[in-house]
Each structure stands twice: as structure tokens, then as C-alpha cells.
Amino acid sequence: MPDPDKIPVFVLTGFLGSGKTTLLNRFLADGVKTAVVINEFGEIPVDQDLLANQNLPLTVLSGGCLCCKVKGALAPTLKNLWMTWEQAASKPFARMIIEASGIASPEPILDTLLRERWLAGRYHLQNVITTLAIPSAAAQLDSFAEARAQVAWADTLLLTHADVSNADQQTALATRLQVLAPATPRLTAEDFHALSLLTKAGPSLRRLPPAGPLPVHNFRSISLHLEQILPWQHLQTLLQQLLNRHPQDLLRIKGVIYLAEQTEPMVIQAAGTRLYPPTPLTARTSDDRRSRLIFIVNGEPTALATDLNKAFVPLLSRNAIKLH
Ligand SMILES: Nc1nc2c(ncn2[C@@H]2O[C@H](COP(=O)(O)OP(=O)(O)OP(=O)(O)O)[C@@H](O)[C@H]2O)c(=O)[nH]1
């Protein structure tokens with residue numbers, strides 16, 4: 001049974017664009033006071049702007065993964081949050097949700113939560129939930145060790161994008177999961193029970209992740225600030241051309257953009273070669289009218305960087321493209 005004196009922690013993991021932030025918003029809608037830690041690989045964080053509820057203790061750790069470059073930031077973050085919690089007469093949160101970056105391997109995160117004595121005495125790791133986008137997950141599991149680790153360490157697998165998947169994709173994913181995690185419960189994100197994951201007790205015994213060197217990723221991110229305000233059709237054409245020219249290496253695009261035809265900022269997202277239509281931002285932490293875009297790339301992004309320069313440099317202020 002979870003210890004009532006410890007704060008329950010939920011780790012939300014899953015490959016790039018698989019629906020973690022979407023699910024986080026659904027979880028937060030239950031109104032339980034929640035501290036949220038969001039980890040983003042890109043240098044310009046976007047996810048915090050996508051949260052419908054901006055009125056919560058939120059920490060964003062960006063510019064690397066919690067499993068490697070920013071692993072060291074997790075323990076102090078959780079310690080500070082606990083101190084705030086302990087000193088407050090009215091408790092600011094009753095649970096914590098950590099959203100890992102889409103390319104994070106979960107082991108180092110679990111290692112921090114389970115092996116750091118001070119933390120393990122105050123926080124209880126309740127559930128590790130891994131999202132998998134049905135149309136793309138089988139190929140990601142074949143290509144990326146990080147995706148396989150996310151499945152291997154999950155307490156629950158949550159299948160997303162069922163509405164845009166077909167029977168072949170569902171079978172391909174089910175076949176992979178039967179090999180990688182045959183005993184791990186699977187839910188679809190639409191399933192009513194997905195929402196009850198935050199009240200369900202986690203496993204009574206946990207494997208400890210093996211102590212070892214931190215993972216080395218083969219991913220890069222490119223971020224850019226766009227000062228010129230474009231019509232959507234123009235930007236859409238530029239982005240779709242990049243996605244079509246780099247189907248293997250360009251894994252994810254996301255950003256907050258300003259468009260000629262809209263007064264409010266918009267969110268754009270692409271995962272795989274799918275570019276989603278822009279959606280208005282309901283909440284925004286700042287409003288500087290500068291669009292920002294993040295591209296996450298597998299391998300050295302030389303060819304993509306060249307194409308990005310060709311497409312965007314005429315529209316940018318000097319040195320606005322950063323490789324990370
Ligand atoms: N059609 C469909 N779209 C979805 C579903 N879940 C999420 N999306 C969309 O997929 C895109 C990516 O979703 P996110 O929730 O941002 O994914 P993420 O895992 O947080 O992405 P990263 O943090 O970049 O790894 C967004 O445009 C979502 O609106 C789903 O079940 N069906």
C-alpha cells in the first residue's frame with residue numbers, strides 16, 4: 001500500500017509526439033492539486049504553454065533529457081518542491097507528475113526517485129505511464145532503444161492516436177508489445193479507465209534500474225525564433241517541405257507561432273511526417289509576438305540545417321537559428 005505520508009509521483013513517458021502533454025492536461029482536469037515537472041529536450045520550452053491550467057506549481061527543465069544532461073536537476077527540484085510543501089500551512093499539491101522528454105530513457109529518472117534516500121523517504125513512485133502513438137509506435141520501437149526502454153519500465157501502457165490508426169498499425173504494435181512487455185496492462189487513451197490511473201496503486205515491489213553509465217543519445221535539436229509574421233499557408237508549405245524531405249531524421253516539430261491571419265498565438269505540432277493544423281493557445285506565459293519553433297532530429301542534422309537555412313534565413317534576424 002502507498003505510504004500516506006509520502007507524496008505520490010507519476011512518471012509520464014513515451015516517444016516524441018505520442019501524447020504525453022495531451023494526457024497530462026486530461027489528468028490535471030480532475031482538479032487535484034498537482035505539482036508538475038516538465039522536461040523538454042529542446043532549448044526553447046513549449047510544453048508549459050500547452051497546459052490548460054497555468055495555476056499550478058510548475059517546473060520546466062529544458063535543454064536536455066532528465067535521463068542524462070539534466071538528470072542532476074531532478075533531485076534538487078524535488079527537494080525544493082518538498083520544502084515548499086512542508087512549510088505551507090495549506091498544502092500546495094497532493095501529487096506530482098513528471099513528464100519526461102520524448103527521447104528520455106526512464107531508468108535514470110526512476111533511479112533518482114528510488115535510490116536517492118532523502119527523496120525515497122518523502123516521495124512514493126506510484127505509476128510509470130508510457131504513451132504509444134499507434135500509427136508510429138512499432139517503427140519507433142524498432143529504431144530507438146529509448147522507445148523500447150520506455151515500454152520496458154512502464155507500469156501501464158497507454159495507446160494513443162487510435163482515432164487516426166488502422167488495423168495493420170494496431171496489429172503491428174500489439175505484436176511488438178507482446179514481445180517487449182507481454183504482462184504490462186494496456187489501455188487506450190480514450191478509455192475511461194485511463195483517467196483512473198492516478199488513483200490506482202502501483203506495483204507493491206519495484207525492480208531497481210541497473211546502475212550504469214548515463215545513456216548517450218543520437219538526437220539533436222534546432223531552435224529558431226521567427227520575427228516575421230507569416231500567413232499560415234506560407235509557413236505550412238515550408239514546414240511540410242522539410243517534413244517530406246527528411247522523413248527519417250526529422251522526428252518532431254513544435255512551436256508557438258504568430259500568424260498574419262490570427263491575433264492570438266497558435267501552437268503547431270508535427271510528429272513523423274504528420275503536420276497538425278495550428279490550434280489557438282488558451283494560455284500563454286509571455287506574449288512577445290516572436291514565433292519559436294523547435295525541430296528534433298535523429299543524428300547529425302547537417303542536411304536539415306542547410307534546408308532550414310534556405311527556408312528561414314531570409315525571414316530571420318541574424319543568429320536566430322541555434323543547434324543544440
Ligand atoms: N488524432 C490524435 N491526435 C492526438 C492524440 N493524442 C495527442 N494528439 C496530438 O498529437 C500531437 C502531439 O501530442 P503531445 O501531447 O504534444 O505529445 P507529447 O508526447 O507531449 O510530445 P513531446 O513532448 O514533444 O514528446 C498534438 O498535436 C496532439 O493534439 C490522439 O489520441 N489522437
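For what follows, Ala, Val, Leu, Ile, Met, Phe, Trp, Tyr, Cys and Pro count as nonpolar, Asp, Glu, Lys and Arg as charged, and the others, Gly among them, as polar. This is a predicted model, where local features need pLDDT of at least 70, side-chain atom pairs count only at pLDDT 80 or more, and totals for chains, interfaces and linings use all residues. Residues are numbered from 1 along each chain as its sequence is written.

I start with the ligand. The shell around it divides into 5 nonpolar, 11 polar and 5 charged residues. Of these 21 residues, Gly19, Lys20, Thr21, Thr22 and Gly102 come nearest; a residue is near if its C-beta atom, placed from the backbone, lies within 6 Å. Helix H1 (20-28) and strands S9 (250-257) and S10 (266-271) each supply at least two shell residues, and H1 has the largest share, with 3. Helices (H or I, at least four residues) and strands (E, at least two) are DSSP runs, numbered from the N terminus. The ligand lies between domain 1 (7-198) and domain 2 (219-323), because both give residues to the shell. Those bounds come from an automatic or database domain assignment.

Next, helix H6, residues 145-152. Its buried residues are Glu146, Ala147, Ala149, Gln150 and Val151. Buried is 20 or more other C-beta atoms within 10 Å of the residue's own, with C-beta atoms placed from the backbone.

Last, which residue has a positive phi although it is not a glycine? Histidine 161 does, at about 60°. Histidine 161 sits in the loop between S6 and H7. Histidine 161 counts as buried because 22 other C-beta atoms lie within 10 Å.

Methods. A residue is buried if 20 or more other C-beta atoms lie within 10 Å of its own, exposed if 12 or fewer, and partly exposed in between; C-beta atoms are placed from the backbone.
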